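Thank you all for coming; I would like to walk through a few local features of one model, slowly, and define the terms as we go.

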Amino acid sequence: MDLTFWKSRYDQGLAVLEPFWPYIAAAISLSLAIYVTAHVAQNKRDARAAAAWTGLVWLVPVVGAVLYFMLGVNRIQRRARQLTGGLIDSDDGWRVAAEAVPTVPHLQVLSRLVGRLTHLPLTDGNELALLDAPQTYQAMLDAINGASESIYLVTYIFGNDAAGKPLVDALAAAVKRGVKVRVLIDGMGAHYSLPSVVWRLRRSGVPVQRFLYSLAPWRMPYINLRNHRKILIVDRALGFTGGMNIRAGYLHKPARTTDLHARLEGPVVGQLLRSFAADWVFTCGEVLETSYRGPAQVGDVQARGISAGPDADFDKRRLTLLAAIGSAEHRIRIVTPYFVPDLTLMASLQMAILKGVQVQIVIPRKSNLRMVNWASLHALRWLVGEGAELYLSPPPFDHSKVMTVDQHWLMLGSGNWDARSLRLNFEFDLECYSATLTTRVDKVLDRHILLSTRMESEHFRDMAPWRRLRNALSHLMEPYL
C-alpha cells in the first residue's frame, strides 16, 4: 500500500509539473550555457578554442556543456597538487654553478630562454646516438637485460605483440634478479592492442600503472589529456627518448612504420629521470630516487629536456618552437608525421621565410590519420605559397619528430606539430646544441628528402576543388586535432 501511495503522489507531481517542463528545460539549458561561457572566457587562453566551445554549448544545449566538462576542463593541476603537495607544479628546477653555454652566439639567447621556461640547466658532456626503430628496440632490450639497479619506462603505446612480449619477458627477468622496475603506460594507449599488455605485465610480476585511467566515464574527466612521452631510464645512468612506441609495426620486414629515437648517456639523463618520477608520483603517489648515477662527462653534446603538458608545463614546448624559429638565420628543417600548427607558429615560420631563412618541411605522403593529413595540406598550402619547401616522404609511414636550426640546434622527442601535442598531451623533447650531432641528423634528412616528392604551389592550384574544400573543412577542426 505504501508503494501505491507514493506512486500516486509521484504521478500527481508529474502532472502538476507537466505544463512547466519546457520552461524548466530551457532554464537548465540557459544556465549551463551561461556558466560554461563564463568558465571558458576565464580559463581558455586560445581565443579560437574558447569561441569553439562557446558556440558548441549554445548550439547544442546540455550535450555541449557535458562534452565541455568531460573534455574541455583541465583538472590536472588540481589533482597534481592533491597527490604531491604542489611539488609537481612548482618551480623547483635545479641550476648548476657553471651552466653550459652554446658556442654559436645567436643561439645563446635561445638557450637562456628555454632555461627560464623549463627551470632546468643546459647540461654539457652528453653523448647521443640516433637510432632507427629496429636498432632502438634492440638497444632497449639489451639495456634492460643488462640492468642491475633500476628500470623506469613510460610510453604511450605498449603493444601486446611481437614487440611487446619480448620486452615484458626482459622486464620480468629483471624483477626476478632484484632490479627495481616501474612501467607507466598511458590509460588510452594501453588499449591499442587487446588484450592489453597491462595484464601480461602484472601476471609476470612487473609493477605497472596506467596514466589517467578509469573504466567509469564519470571518473574519467581526463580522456582528452594523454601521456605521449616515450622515456626509458636504466640504472639512472642510461636513457632513451624520442618518438617510438613499442609496436610490432616497427619490426616487420618491410617495416610499416619508421621512427627516430635517441640513446643517451650523460647528465641530461637526470632530466629524463626527473620527468618520469613526476609522472609516476602523480599516478600512484610513490616517490622515486631522482639522482643521476652516471658519469659527468661522456661526450660533447649540450642537451636539455623539455617536459610539456596541460599542467604547470603548459606552453613550454610551443614557446620553445617559437624561440627556435625566431633564432634561425639560415635554415629550419622540420620532420613530423602531423603538421597542423596554430596561427602563431604559422606566422613565425612565415616571418622566418620573409627574413630569408630556408624552411623545409617533411611529412608522410600517406598518413595514418586522414583528417590530420588533409588539415596539414591546407595549412601547408599557405606556407608553400610564401616560399617554404614541402616534401612528401614515401612509405613506410615516418613517425619521426625532428627539427634542426642552422646546423647547430636539434630538437627530438615525442611532440608533434598539432594542437594535441602543443596543448593537450604530456610530451618530452630534447634540445641539443652540437654542430657534429646536428650535421649527422641533417645528412639523414638529406637522404630522406632525396627520396621524397616536392610539392609546389602549382600542385595545390591543380588540386581538384573538392579536395581543396575537404582540406579546408578538415582544418576547421585544428583546435581538436
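Let me begin with Gln407, which is partly exposed, with a relative accessible area of 40%; here buried means under 20% relative accessible area, exposed means over 50%, and partly exposed is in between, using a 1.4 Å probe and protein chains only. Before going on, please keep in mind that this is a predicted model, in which local features need pLDDT of at least 70 and side-chain atom pairs count only at pLDDT 80 or more, while totals for chains, interfaces and linings use all residues. Residues are numbered from 1 along each chain as its sequence is written, and side-chain values use heavy atoms, with hydrogens and water left out.

Gln407 has a positive phi of about 55° although it is not a glycine, and its place is the loop between strand E14 (402–405) and strand E15 (409–413); helices (H or I, at least four residues) and strands (E, at least two) are DSSP runs, numbered from the N terminus. Most residues other than glycine have a negative phi, and most peptide bonds are trans. Asp235 also has a positive phi, near 55°, and sits in the loop between strand E5 (231–234) and E6, but Asp235 is buried, with a relative accessible area of 14%.

Where are the cis peptide bonds that I want to show you? One runs from Lys253 to Pro254, with omega near 0°, and Pro254 lies in the loop between strand E6 (238–242) and strand E7 (257–258). Another joins Pro395 and Pro396, with omega about 5°, and Pro396 is found in the loop between strand E12 (389–393) and strand E13 (397–398).

Now turn to helix H12, whose buried residues are Leu345, Met346, Ser348, Leu349, Ala352 and Ile353. Seen down the axis of H12, these buried residues fall within an arc of 165°, so they line one face of the helix, where the arc is that of the directions from the helix axis to the C-beta atoms. An α-helix has 3.6 residues a turn, so residues three or four places apart point the same way. On the other side of H12, Leu343, Met351 and Leu354 are exposed.

What do the buried residues of H12 pack against? Their partners are helix H11 (316–327), strand E10 (331–335), strand E11 (358–364), helix H13 (370–386) and helix H14 (419–424), with contact meaning heavy atoms within 4.5 Å. Just after H12, finally, Gly356 takes a positive phi of about 100°.
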